[in-house]
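Student: I have a new structure to read. Please show me how to go about it.

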Amino acid sequence: MNDFDDAQAPASPDETGIRLQKVMAAAGVASRRASEELIAAGRVRVNGQVVREPGRRIDPAVDKLAVDNVAIQLDQSKRYVMLNKPVGIVSSLADENGRPDLREFTEQYEERLFNVGRLDAETSGLLILTNDGDLAHVLAHPSFGVMKTYIAKVRGAMTPQTVQRLTTGLELEDGPIAADKARLLETSNGFSLIEITLHSGRNRIVRRMLKEVGHPVVDLVRRSFGPLHLGNLRAGAMRELSGAELGQILTLSRSNDSIAPAPTSDSGE
């Protein structure tokens, strides 16, 4: 269901459910009085429809809430964690080959968390851990074009012409591919740093693209995933998403979930 589709069904009947301002306060949006002001100002939507009556009752388990067109999570059992995955960790909760996997991170939480998409063992960077299956499916599915930005250290002095090839497009063994953005950050001592952004979920796509243009990857880090940014989170560290970050990814997820195709594997970069 799409939060911002005015054709959605109305919220639960007024005779049942919980008062909207109470739900908003419990979700940490604002105090009850401040929530009433937000409602009166027309800044609150339930299932895509503007609600102006503070006494309106909703069912937090069914209805979807947005304030200023930013989605609000009403299910307090959901957890969203950002991990800076270190090199050497497999993006799996049970590696069949006995390699170090994500369990050393997920076991620190009571909830049964799983990863959104994948990063190969040699790639470090931003990985989302959650128990929200609906959000994980939408964010990881290549069809939705969630942008990911990487910083790659590659061999050789990359030229502007080579950077342009990455955005113009390449032909790989599994079909054509083009970066959405690419820019050269630095060249020194026989190596180059390049920032590359793309929405493809094809297996090891960044490494294959850079190898194709003659600059094999030495080190690769995913710095951003959709609206989320790694910032200064150190390798191996985790933190829960802020309220603003959660609102951004929930809004992104809900804007796409009504057209979600069947699940498919996402092999990361």
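Tutor: Helices (H or I, at least four residues) and strands (E, at least two) are DSSP runs, numbered from the N terminus. This is a predicted model: local features need pLDDT of at least 70, side-chain atom pairs count only at pLDDT 80 or more, and totals for chains, interfaces and linings use all residues. Residues are numbered from 1 along each chain as its sequence is written, and side-chain values use heavy atoms, with hydrogens and water left out.

Student: Where is the place of Thr123?

Tutor: Thr123 sits in the loop between strand S8 (114-116) and strand S9 (124-130).

Student: Does Thr123 count as buried or exposed?

Tutor: Buried means under 20% relative accessible area, exposed over 50%, and partly exposed in between (1.4 Å probe, protein chains only). Thr123 has 0% relative accessibility, so Thr123 counts as buried.

Student: With which side chain does the side chain of Thr123 make a polar contact?

Tutor: A polar contact is a pair of N or O atoms within 3.5 Å; within protein, one must be able to donate a hydrogen and the other to accept it, and residues adjacent in sequence count only if both atoms are side-chain atoms. Here the partner is the side chain of Arg207, at 3.0 Å.

Student: Now the strands. In which sense do S10 and strand S14 pair?

Tutor: Strands of a sheet pair through backbone hydrogen bonds, either parallel or antiparallel. Two strands pair if DSSP finds at least two bridges between them. S10 and S14 (residues 191-198) are antiparallel, over eight bridges. Val154 has Ser192 in S14 as its bridge partner. S10 also pairs with strand S15 (residues 217-225), again antiparallel, over seven bridges. There, Ile151 is partnered by Val221.

Student: How many residues of strand S10 are buried?

Tutor: Six of the eight residues in S10 (residues 148-155) are buried, and the strand is mostly covered.

Student: In what order do the four strands of the open sheet come?

Tutor: The order is S3-S2-S5-S6, with antiparallel pairing. Strand S3 (49-50) and strand S6 (70-72) are at the edges; each has a single partner strand, so one side of each lacks a neighbour in the sheet. Inside this order, strand S2 (residues 44-46) and strand S5 (residues 65-67) pair over three bridges. Val46 is opposite Leu65 in S5.

Student: Which strands does helix H7 touch?

Tutor: Contact means heavy atoms within 4.5 Å. Axes are lines fitted to C-alpha atoms, for helices over the stretch in contact, and angles run from 0 to 180 degrees between N-to-C directions. Helix H7 (residues 243-254) packs on the sheet and touches S5 and S6; its direction makes about 100° with that of S6.

Student: What is phi of Asp68?

Tutor: Phi is near 55°, a positive value in a residue other than glycine. Asp68 lies in the loop between S5 and S6. Its relative accessibility is 40%, so Asp68 counts as partly exposed.

Student: Which residues does Arg19 touch?

Tutor: Leaving out residues up to four places away in sequence, Arg19 touches Gly55, Arg56 and Arg57. Arg19 belongs to strand S1 (residues 18-19). The C-alpha atoms of Arg19 and Pro54 are 7.4 Å apart, although 35 residues separate them along the chain.
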